[in-house]
Amino acid sequence: MTARWTRDQMAARVAREIADGMVVNLGIGLPTLVANHLPADREVLLHSENGVLGMGPAPAPGQEDYDLINAGKQPVTLKAGGCFFHHADSFAMMRGGHLDLCVLGAFQVAANGDLANWHTGAPDAIPAVGGAMDLAIGAKNTWVMMEHVTKGGESKLVPALTYPVTGLACVSRVITDLAVIDLVNGAAKVIEIVEGLRFEELQARTAIALQR
Amino acid sequence: MINKLMDSLAAAVADVKDGSTVMVGGFGTAGLPNELTDALIAQGARELTIVNNNAGNGDTGLAALLAAGRVRKIVCSFPRQADSHHFDRLYRAGQIELELVPQGNLAERIRAAGAGIGAFFTPTGYGTDLAKGKETRTIDGRNYVLEYPIHADVALIKAEVGDRLGNLTYRMTARNFGPIMAAAAKMTIATVHKVVEPGGIDPEIVVTPGLYVKRLVLIERAVTTAGGFKA
């Protein structure tokens, strides 16, 4: 097996780039792990689309309050200075460009930044979108955390989406288990590769042309 | 004298008509007006169009309303969940209509209804399957989709503290859709866990001004742990 980052290493890699004072929304699934890796010396405000700014970690067992949950419907806590607001305000924060960063999971990302993460397109699947489309296009920066390839070994970075679109030209950075890649004007620039993997090996696993 | 307090949940929902559009507040485990949806099941209104973020969880609340066969159509953002079995069954059997709306567009369409907005252009959903057939426009180089408000006949919401004028506060993330649904419906019915005299809520922290609320019922606090919770 080739070298790859664990899920926690990917989360730590994202957390490293979240600066003091940033307002961030972490999507459901893999991105949620980023919260565990935020350095203690940085004050970061976590936004949850169900109406929280200043979200804290999960409560201790037995301390759950089911009126205080995140977008994944898990009990959370509120940090001092945190606040609550209704859904229209929450999505106005997002759509209005008031969040610095949103980190999302994905099925596919295209070289031009198109994102697919809401629906596999399977005809018998019951569709559900939630806040995915709002998150994709709302924040100042949208990053994706995902495995580099599917379970079948196919690249999740693609020339053009084959899954239904969530948002067009919205992803600026992709953090996978193999590399960190910036998408700028249709070009995919490799920022970092997992130790032990050569650029040519990364390119062989990637369906779009990579630049060093 | 204005007094919106009702003696019972049954009295509060007594005149909901068949075919009504009913907004139901709540997100996850927070702010679900299950006492009001239970009263609506007992009241018997049918052929309802429901507006909620989800499509019912477990066997209680909105899920029970679906299971009772009272819902013709649901407008929501996230129907499919680990415990949405009643919706899943009805949907696969073709017995319920689904209008799937991105969550922020759902919230803004509800807000627009309450605010008297005729329609609005939103960037959310542009270029996706959920914007198919909708009018679009490019404004200052950005692409938008035209979305219309969602009005309702009735809104059922769960608040925390209220007074006889209908002023409301909420508790933490139980606020979610409450304030915007209250404004978007012709008749908003709220439950509260505490009733105070007018002036008992600091006017600086009233979240839903009383004019949006028609009826108020005092209920016991019950912890809800259903709601699509994913461990």
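I count two residues as in contact if their C-beta atoms, placed from the backbone, lie within 7 Å. The model I am reading is a predicted one.

**Entry: the two chains together.** With that cut-off I looked up the interface, and found 30 residues of chain A in contact with 43 residues of chain B. On the side of chain A that touches chain B, H2 and helix H3 (132–138) each supply at least two residues, and H2(A) gives the most, with 5 residues. Sorting that side of chain A by class, I noted 17 nonpolar, 8 polar and 5 charged residues.

**Entry: H2(A) against H5(B).** I next turned to helix H2 (residues 87–95) of chain A and helix H5 (residues 103–115) of chain B, which pack at an angle of about 125 degrees with their axes 9 Å apart. The angle makes H2(A) oblique to H5(B), and I recorded their crossing as left-handed. From H2(A), the residues His87(A), Ala88(A), Phe91(A), Met94(A) and Arg95(A) meet Gln103(B), Gly104(B), Ala107(B), Glu108(B) and Arg111(B) of H5(B). I divided the residues of this contact into 4 nonpolar, 3 polar and 3 charged.

Entry: I then took up chain B, whose secondary structure comes to 6 helices and 13 strands, and whose C-alpha atoms fill a box of roughly 50 × 45 × 35 Å along the principal axes. Its radius of gyration is 18 Å, which agrees with the value near 17 Å that a compact globule of 231 residues would have. I noted that 55% of the 231 residues of chain B count as buried. Among the contacts in chain B with a separation of 6 or more, 77% come from residues 24 or more positions apart.

Note on methods
Residues numbered from 1 in each chain as written. Chains lettered and ligands numbered in written order. Predicted model: local features only at pLDDT ≥ 70, side-chain atom pairs only at ≥ 80, totals over all residues. Axes fitted to C-alpha atoms, helices over the stretch in contact; angles between N-to-C directions. Helix = DSSP H or I, 4+ residues; strand = E, 2+ residues; numbered from the N terminus. Parallel < 35°, antiparallel > 145°, perpendicular 65-115°, else oblique. Left-handed = near helix turned anticlockwise from the far one by under 90°. Nonpolar A, V, L, I, M, F, W, Y, C, P; charged D, E, K, R; others polar. Rg over C-alpha atoms; globule rule 2.2 N^0.38 Å. Buried ≥ 20, exposed ≤ 12 C-beta atoms within 10 Å, placed from the backbone.
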